[in-house]
Structures are given as structure tokens and as C-alpha cells.
Amino acid sequence: MQYTIQPPQHINTTITLPASKSVCNRALVIQALAGGSSLPANLSDCDDTRVIAAALRDMPETIDIGAAGTAMRFLTAYLSVTHGCHTITGTERMRHRPIGVLVDALRRLGADISYLGDEGYPPLAICGRAIEGGSLSVPGNVSSQYISALLMIGPVLRRGLELRLEGDIVSRPYIDLTLWTMTEFGAKAEWSDVDTITVAPVPYQPADYAVENDWSAASYWYEMLALCDDNEPRVVLPGLMDGSRQGDTICRYIGSLMGVKTTFGTGDDGTPQVVLSHQHRRLPRLDYDFVSSPDLVQTFVVACAMRGIPFHFTGLASLRIKETDRIEALKCELRKLGVVLTDRNDSELIWNLERCEPTMEPIDTYQDHRMAMAFAPAALTLGSITINDPEVVSKSYPHYWDDLRRAGFQITERP
């Protein structure tokens, strides 16, 4: 399928974002470890969350998580401490995404995990059992999902878990989000040193839990406000809170550098909300380290390129092992729009306003939801843009295209 997107002349809309995928996925696994029978309220209907919910509900012998990387990491740890033997697998891309760091760590704790294909990659055969726990060291610069997966099983280990993170620690806000969610279910988990987290062997307690809306999804609306030339645009986003533990709340700061104002308030029904508007000032250049918020990179790379703002973005190493190699995907697709990016050290993207002749070919999404959602707002600058395989947004924001239509975008579908 292919969508051609054309922008509205004026943006003034209220958009209810999906629930936070990050919080949903953590809360589902923790509630299961607590023995709870109820699902969290305001559960996301995105692919990643549906996969985890279905696996925890049905516990089939073979669990196919599709393209859901979070599900692969979290369920690998969960199955290691849960009675029964299971196979966990996924898409062809998932079978080439590394998981050796997590498997090695779980094995050192006593888990029974075997590779069914290439060493270090899914699919996995896991036989769950009681695990002793204790002290463990892992690199701090790996995906925070490995670290979160280990932390979440800490309370059910006989001796708890003392987890030391060696070297640089990336995506720390996601680790803090995990610890915060764990404590909401009664866990005793905290940073005991600058590089060490201690989880006591105190069992989780089932809880009634409501998930807040998603700041990652909000980032695309910040991008739209940054790109629109409307004099007085306004986007209301209910269900977003000041002081949220989600790491991607940083999009409000980055957005401010690109001329987007954030105002916190409450709606008529008392629900917290954010109102986005213009503040008519933006930086002439943007340098930023995304090591703690890698999911925002595509959004702001495209936004800067469309606004003609040169940039130097660092902390991008994890982008190489996401749904696709996001660094290469951005370089390739922006060339279609006449923008030439340079990468460096496998972890940096630089644009010094270098351009090439645009082809305006349709944007490929590489089975990556964030490619589709980051490039669609470029229609505000280009007048229109065509996206291939737009249905990939179901991974995290299933009603993204409906929300764009609600905001006045025209979307033409072609098979």
C-alpha cells in the first residue's frame, strides 16, 4: 500500500495519543510476575503491546512475537523464571537482531536457554525454573531493554539482584522508567551506587494500574508544529503530564529549540493536557546527544532537514540494531528529498546543509514504524509526500493516519 499525504492550511486540533507502549509493556510483564489477573487500564492497542498481552494470556508452546523487539527481550527474561518450556521466535529481521548479551546474563543467573539457530540470535528455547539470583555485571552501553528485562525479574529471584552496569550507561531514562514501574507494584528497587542497581527479593503485589499517554507519539506533533508556517497553530494533547517518568518527555525541550511552545494545563473534565503552539524563535543550528532518547532521532532529523537547520546528532549507536539500520535508512530516504547526511563512528549523524538533486521518490519505511511517522510531517514543507507501506505504524501508533486526517491532512491511498 502507498499513501500520499497533503497538509492542511491551518492546524487547530485535539489529538488523543495512544497509551505509552514503554509503560504498557513493563506493566504487563510485572503484573504477570505479581500473579495479577487484571490488565492495566488504558492499555495500548499497538502491535508490540498486543503481542505481549497475548503471549502472557495464552502462553503457547511457540511464541511468535513478530517484529516486536521489546517483547523478545522482556519475554525472554519472563519465560526464564516462569514454569514451562517454550520457544520464542519472530520475523526474519528479528532473527538477525542480537540477544546474546541478555541470554548470557540470564544463563549466569541460572536460566536454561538454548539457541535454535545462529548463536547470539533468536529463536530461543527456554525452560523456566526458579533462579537463585545474586550479583551480575553487564555492559552499560547495550540496549536498555536488556537491562530492564533483567531488573523486572529481580523481585522473583531467591536472592534478588544486584546489577552493575559497566562503562557508559545509555538510555538511563528507560532504566529509571522500569524502576519506577516496578515500585508501583511493590518492588524494592533502586540505584545503590552510580553504576549499580539493587533489587530486593520482595515479591510484587498485583495492582490496579492506569497507563499514561505516550510522549514518543507526541514527538510527531512537535515536528508538525515545527514545520508548519501557520501563524497560530494549536494542538491539544490530553493525557500528557508534567513530571512524567517517560524519557521521551525531552521532546518538549528539543521542540522548544525548534520554535514549539509547550503549555501544561487541564481540560474541562480535569484531565491533564499539553497545548502546543508557536513561540516564533528557533535555533539556527542544533547539536544534541540522543543517547538517552534514541527513539526521537528520526523525528528531529527529518524536522531539521525540512526546516534547513544544520545539525550534529550523537549517541546514535543503538539505531544500527533497531527495526532497521535507522542511520542508513535516514541517509537513503532523505537523499530522495535532496538532503545529504554524513554519518561518523557508527553513532553520529551530521548535516551541514549539503544537498543533491531530489528525486521525490516515495519514502520506503523498512518495516519501521518510526520511518513512516517521522517522514509524513515533511508534507508541510514539501506540499505532499508519498509513503510506502504506511501500515507499519501499527507497531506503536495504530491510529496515526486517522489522527492526521483529524488534523486536516488529506491522505490518498493506493494499493
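**Close-up views of Gln298 and its chain**

**View 1. The side chains of Gln298 and Arg326 are joined by a polar contact of 3.4 Å.** The model shown is predicted. Gln298 is found in helix H9, which covers residues 297-307.

**View 2. Gln298 is a buried residue.** Its relative accessible area is 1%. Residues count as buried when this value is under 20%, so Gln298 falls in the buried class.

**View 3. Gln298 touches residues from other parts of the sequence.** Leaving aside residues up to four places away in sequence, Gln298 touches Arg326, Leu330, Asp368, Arg370, Met371 and Ala374. One of these, Arg326, is also the partner in the polar contact between side chains.

**View 4. The chain around this site has 13 helices and 19 strands.** Buried residues make up 58% of its 415 residues. Among the contacts with a separation of 6 or more, 72% are between residues 24 or more positions apart.

**View 5. The C-alpha trace of the chain spans about 60 × 50 × 45 Å along its principal axes.** A compact globule of 415 residues would have a radius of gyration near 22 Å, and the chain has 21 Å, so the two agree.

**View 6. The accessible surface of the chain comes to about 16200 Å².** Carbon and sulfur atoms account for 46% of this surface. The chain has 37 positive and 51 negative side chains. The centres of the two sets lie 2 Å apart.

How values were computed
Residues numbered from 1 in each chain as written. Predicted model: local features only at pLDDT ≥ 70, side-chain atom pairs only at ≥ 80, totals over all residues. Heavy atoms only, no water. Helix = DSSP H or I, 4+ residues; strand = E, 2+ residues; numbered from the N terminus. Rg over C-alpha atoms; globule rule 2.2 N^0.38 Å. Buried < 20%, exposed > 50% of the residue type's maximum accessible area, 1.4 Å probe, protein only. Contact = heavy atoms within 4.5 Å. Areas by Shrake-Rupley, 256 points an atom, 1.4 Å probe, with all protein chains shown as cover. Lys, Arg positive; Asp, Glu negative; His and termini not counted. Charge placed at Lys NZ, Arg CZ, Asp CG, Glu CD. Polar contact = N/O pair within 3.5 Å; in protein donor to acceptor, adjacent residues only side chain to side chain.
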